[in-house]
Amino acid sequence: MKAHDGMYIGGAWRPAAGADTIAVVNPADEQVIAHVPAGTAADVDAAVRAARAAFPGWAATPPAERAARIGALRDVLAARRDEIAETVTAELGSPLPMSQAVHAGVPVLVAGSYAELAATYAFEERHGNSTVLLEPVGVVGAITPWNYPLHQIVAKVAPALAAGCTVVLKPAEDTPLTAQLFAEATAEAGLPAGVFNLVTGLGPVAGQALAAHEDVDLVSFTGSTAVGKRIGATAGGAVKRVALELGGKSANVILPGADLARAVNVGVANVMSNSGQTCSAWTRMLVDADRYEEAVALATAAVAKYVPGERVGPLVNAKQQARVRGYIEKGIEEGARVVAGGPGAPLGTGYYVSPTVFADVTPEMTIAQEEIFGPVISILKYEDEDDALRIANGTVYGLAGAVWDADDAEAVAFARRMDTGQVDINGGRFNPLAPFGGYKQSGVGRELGSHGLAEYLQTKSLQF
């Protein structure tokens, strides 16, 4: 697609307030493919004012009509699926099959789920002699990451629209072209002017201005825990609501009765997906001592199938590549054993990192505690189930995880004891209606399904 040189505000593309631009780089070949405007506080203010002006009308729109507009948006995204996939591949580096199936496909499912929810959700409830009204919170500032550029946009914008909120989106500076495509889709779907607005720009400038703006009622952010803490502090100073989906260090717990080969192979595939750039990736594989070396051998064989430039794409930029390679070097320095991959660049061009598997990882090592956000797996040994639980719960994060056992009931019993927001049992499938979000420093609030919609509502009770 051809990049827009302005901001989408009030239903039209408008010139940016400043002249600075951001280069969009294809991480597979390191070539600049486009430039987009670097938004300023003035751009954010214009977008927020447009969203505020549109809010009364959109909030008063019957839920069935809001549902129809979200349904139309879903249809536009489905019709433009190939263009979306090609754009994501160009600016994120994801292999095209991954872009088609996940980056372009999943947002269609999520948008469709909110079209249905908007039409059926109980925005009024009766409790004794009270009528409880669930009303839109107001203007939403959505700040989204680069790793799943369209999914993260839809996971915020669709429920906000379903609730009756208006939105200003500040997408990640690495993947703004996908956000511009989404803005085009909202216009094609017939959203009223000002209901959705887009400002591209840098986080410390445009993102900070959006989080701090006095006329933004809720900030929804997905990204690193460090930035989430700053946004939470900014929003807290104005007593505005926040929804934060942050980092993860998820455990893939393989209990003694599990099908080891299946659990290891699915676990490797989970981490290699999107080049490891997934906050919920199961980056810690926990295996009982008796089968530990067998698991290491299985993981080593499995990861060999993920060839950089074919099944595994590059990381998003040079900074991320250097960060992940630094973690690999740290793992070696602290005594972990590399059984696949390593810190060397596998290709001469592009921000690639070799898919890497570490054995002999202990729970206190840096690579077992901190989010790496790359194609790196740490395999840890446990002595019994209590030890496995201690290791699984032994980080500041609690976003996702997995449990494997021949007995589903035993796996569920273990999962109930995990301090994490979502657990897949024996390879459970993705469910766009299930709430997604974390415990501890993995965030505040939930996305997807009815729980995701509830984030954008506030409660009023009328007594009779």
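R80 counts as buried because its relative accessibility is 17%, where buried means under 20% relative accessible area, exposed over 50% and partly exposed in between, with a 1.4 Å probe and protein chains only. This is a predicted model, in which local features need pLDDT of at least 70 and side-chain atom pairs count only at pLDDT 80 or more, while totals for chains, interfaces and linings use all residues. Residues are numbered from 1 along each chain as its sequence is written, and side-chain values use heavy atoms, with hydrogens and water left out.

**Salt bridges**

- A search of the whole structure finds 17 salt bridges, a salt bridge being a side-chain nitrogen of Lys or Arg within 4 Å of a carboxyl oxygen of Asp or Glu.
- One of them joins R80 to E184, with the closest N and O atoms 2.7 Å apart.
- Because E184 lies in helix α7 and R80 in the loop between α2 (63-79) and α3 (81-92), this pair ties together parts that are 104 residues apart in sequence; helices (H or I, at least four residues) and strands (E, at least two) are DSSP runs, numbered from the N terminus.
- R80 and E184 also belong to a network of salt bridges that links them with E83 and E188.
- The side chains of R337 and D360 meet in another salt bridge, at 2.8 Å from N to O.
- That pair links distant parts of the chain, 23 residues apart, with R337 in strand β14 (residues 337-340) and D360 in strand β15 (residues 356-361).
- R337 is partly exposed at 32% relative accessibility, and D360 is partly exposed with a relative accessible area of 35%.
- K170 forms a salt bridge with E173, where the closest N and O atoms are 3.3 Å apart; K170 is buried, with a relative accessible area of 3%, whereas E173 is partly exposed at 27%.

**Aromatic rings and charges over them**

- Five aromatic pairs are found in a search of the whole structure, where rings of Phe, Tyr and Trp (its six-membered ring) pair if their centres lie within 6.5 Å, and planes under 30 degrees apart count as stacked, over 60 as edge-to-face and the rest as tilted.
- Among them is the tilted pair of Y8 and F196, at 6.4 Å centre to centre and with 35 degrees between the planes.
- Y8 lies in strand β1 (residues 6-9) and F196 in strand β9 (residues 196-198), so this pair ties together parts that are 188 residues apart in sequence, and both Y8 and F196 are buried.
- F196 also pairs with F182, and because the ring centres are 5.2 Å apart with the planes at 80 degrees, that pair is edge-to-face.
- F182 lies in helix α7 (residues 176-188) and F196 in strand β9, so the two tie together parts that are 14 residues apart in sequence; F182, like F196, is buried.
- Ring pairs link Y8, W13, F182 and F196 into a cluster.
- R311 lies over the face of Y306, at 4.2 Å from the ring centre, and R66 lies over the face of F123, at 5.5 Å; a charge sits over a ring if NZ of Lys or CZ of Arg is within 6 Å of the ring centre and within 35 degrees of the ring normal.

**The annotated residue E245**

- UniProt, in an unreviewed entry, places the feature "active site" at E245; UniProt positions are given in the numbering used here, feature names are shortened, and annotations may be inferred rather than shown by experiment.
- E245 is found in strand β11 (residues 241-245) and counts as buried at 4% relative accessibility.
- Not counting residues up to four places away in sequence, E245 touches Q152, F221, T222, G223, C279, L399, F436, S442 and E447, contact meaning heavy atoms within 4.5 Å.
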